[in-house]
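Me: I would like to learn how to read a protein structure, one feature at a time. Can we go through this one together?

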Amino acid sequence: MQRYNILWADDEIDLLKPHILFMENKGYDITPVNSGTDAIEKCEDEHFDVVFLDENMPGMSGLEALTQIKSMKPNLPVVMITKNEEEHIMEEAIGAKIADYLIKPLNPSQILLSVKRILDNKRLITEKTNLSYQQDFRNISMAFQDDMSHEEWADIYKKLIFWELEIDETDNRSMGEVLDMQKDEANSQFARFIDDHYESWLNDPNADRPLLSHQLMRSRVFPELDKDGRSLFFLVVDNLRYDQWKVIEPAILEFFTVEKEDTYYSILPTTTAYSRNAIFSGMLPAEMAKKHSDIWVGEDSEEGKNNFEDKFLERQIRRNNLNIKFSYHKVKHTSEGKQLVDNIKNLAANDLNVIVYNFVDMLSHARTDMAMIRELAPDESAYRSITRSWIDHSPLIDALRVISEVGARLIITTDHGTIRVKRPYKIIGDRNTNTNLRYKQGKNLGYEQSDKVLEAPRPERIHLPKVNVSTSYVFATEDQFFAYPNNYNYYVNYYRDTFQHGGVSMEEMIIPIISLNSKYGR
């Protein structure tokens, strides 16, 4: 076992001899000194893993010594020990980034616990997490072998994400590979579940079905309007997976409390053109194409597929006979995000404010196109880390702060998630076939028949528009992506390990919706 070196500075160090002997018997090497000045000199000359520093020493105080030690070695953990419980002393020590704060008289267990929390924290967390996941592994595997409901699938996905985030916090992610294999198996079973049930969700009014994209505003947004006279902000952060929500949640909870955290299911294909337009229109794609032909943009058009979200939203509001004042904003660049922040207080006079924030989509696409981003985000853990870093420094967090300050309510959701694709699946299509890597729409699509794709030879059964009589759809499942035989190796090397959407996976289809209340009230 590794031995740690502890520097202990106290003008009454001789009285602490029993505590020092206790710690040495536990395997720690203690260097005792009598003053803050001696502590600084020792820190200059020797390596220590942690410093115990008495606050009230004659001459140089503990707080003065703390400042100098931190200026020399900012990452050296320092535990402040004091008889004085005055608030300003605690605040000054905490502001100087101490690792812990102990009140005299000390007891041995208190000291040992502080040291273990600082020095052995990672090891203890790793051991406990790995053991707990091993115990839960069998329960999870047994569950998704059964005939589960959509609620149970959502619960399984959340549980897998919980363990993924817990394992992220461990020292060496030794159980990460096992978890990845279990997620792969879960996604394989999930694809079969969707294949068995998706069509009935859309056609059978008596089916046990989840909340779907086209029902979202009618079920979760419109009922919240004018509840207490406060403005409602509806924020759609594109491509925001459930795990990404969990890593940005702490930043948002600085300003809001969670009233309800839930998930819903994205419709197929899990792309902006279909799932997000379904949110704002309140319709499935075939109905959109039929009833809003003037603003529906099909696969056969080069025009942007999500340029008319505001029109779809306006028509859905009118169709539901809502006499409200509302706004729609799409943020695609940092400058637009800053303009939004400046405008929040004015928007708070509206009943409903819809904001579409495109950052995560830009990140996922940039990861495909930019070598630097690919290096920064080689896996899900790094992808989450970049998402958290972005929220901390983006205009969005400033906008959320102001939304909270004006006492407004907030709903955060997304249109679909993404999955990191690893395995290519050969397909052949004519020049009019769409370019998405996770689903294909066209006529005479050529591919090997297997249970590794979800086929929709009759698109009308899942309410998808048909460009012509022979149009069919096929969706990639698990972590696969479609690749053409031409330039196959180049294509595969370019897109493997990128984050894509459009197909069938828990990551793409089971997505978060969260209702929040301002901490500032009205």
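**Reading one feature at a time**

Reply: Asp497 counts as partly exposed, at 29% relative accessibility. The cut-offs are these: buried is under 20% relative accessible area, exposed is over 50%, and partly exposed is in between (1.4 Å probe, protein chains only).

Me: What should I know about the model itself?

Reply: It is a predicted model, where local features need pLDDT of at least 70, side-chain atom pairs count only at pLDDT 80 or more, and totals for chains, interfaces and linings use all residues. Residues are numbered from 1 along each chain as its sequence is written, and side-chain values use heavy atoms, with hydrogens and water left out.

Me: What is the mean pLDDT of the chain?

Reply: pLDDT is the predictor's confidence in each residue, from 0 to 100. The chain has a mean of 90, and 94% of its residues reach 70 or more. Element names follow DSSP runs: helices are H or I with at least four residues, strands are E with at least two, numbered from the N terminus.

Me: In what order do the six strands of the open sheet come?

Reply: First, the idea: two strands pair if DSSP finds at least two bridges between them. Here the order is E7-E19-E10-E6-E9-E8, with mixed pairing. Strand E7 (256-265) and strand E8 (326-331) are the edges, each pairing on one side only. E8 runs parallel to strand E9 (residues 352-357), and six bridges join them. Lys330 stands opposite Val356 in E9.

Me: Which strands does helix H10 lie across?

Reply: Contact means heavy atoms within 4.5 Å. Axes are lines fitted to C-alpha atoms, for helices over the stretch in contact, and angles run from 0 to 180 degrees between N-to-C directions. Helix H10 (residues 242-252) lies across E7, strand E10 (409-413) and strand E19 (510-518). H10 runs at about 170° to E7.

Me: Is Thr263 buried or exposed?

Reply: Thr263 counts as buried because its relative accessibility is 12%. Thr263 is found in strand E7. Leaving out residues up to four places away in sequence, Thr263 touches several residues, including Tyr242 and Ile511.

Me: How many salt bridges are there?

Reply: A salt bridge is a side-chain nitrogen of Lys or Arg within 4 Å of a carboxyl oxygen of Asp or Glu. By this rule the count is 37. Take Arg420 and Asp497: their closest N and O atoms are 3.1 Å apart. This pair links distant parts of the chain, 77 residues apart. Arg420 sits in strand E11 (residues 419-420), and Asp497 in the loop between helix H19 (488-495) and strand E18 (499-500). Arg420 is buried, with a relative accessible area of 12%. Arg409 and Glu224 also meet in a salt bridge (3.3 Å, N to O). They are 185 residues apart, and both are buried.

Me: Where is Asn444 found?

Reply: Asn444 is found in the loop between strand E13 (439-442) and strand E14 (446-447). Check its backbone angle too: phi is near 60°, a positive value in a residue other than glycine. Asn444 is exposed, as its relative accessible area is 67%.

Me: What is the peptide bond from Leu268 to Pro269, and its omega?

Reply: That bond is cis, with omega near -10°. Pro269 lies in the loop between E7 and helix H11 (272-281).
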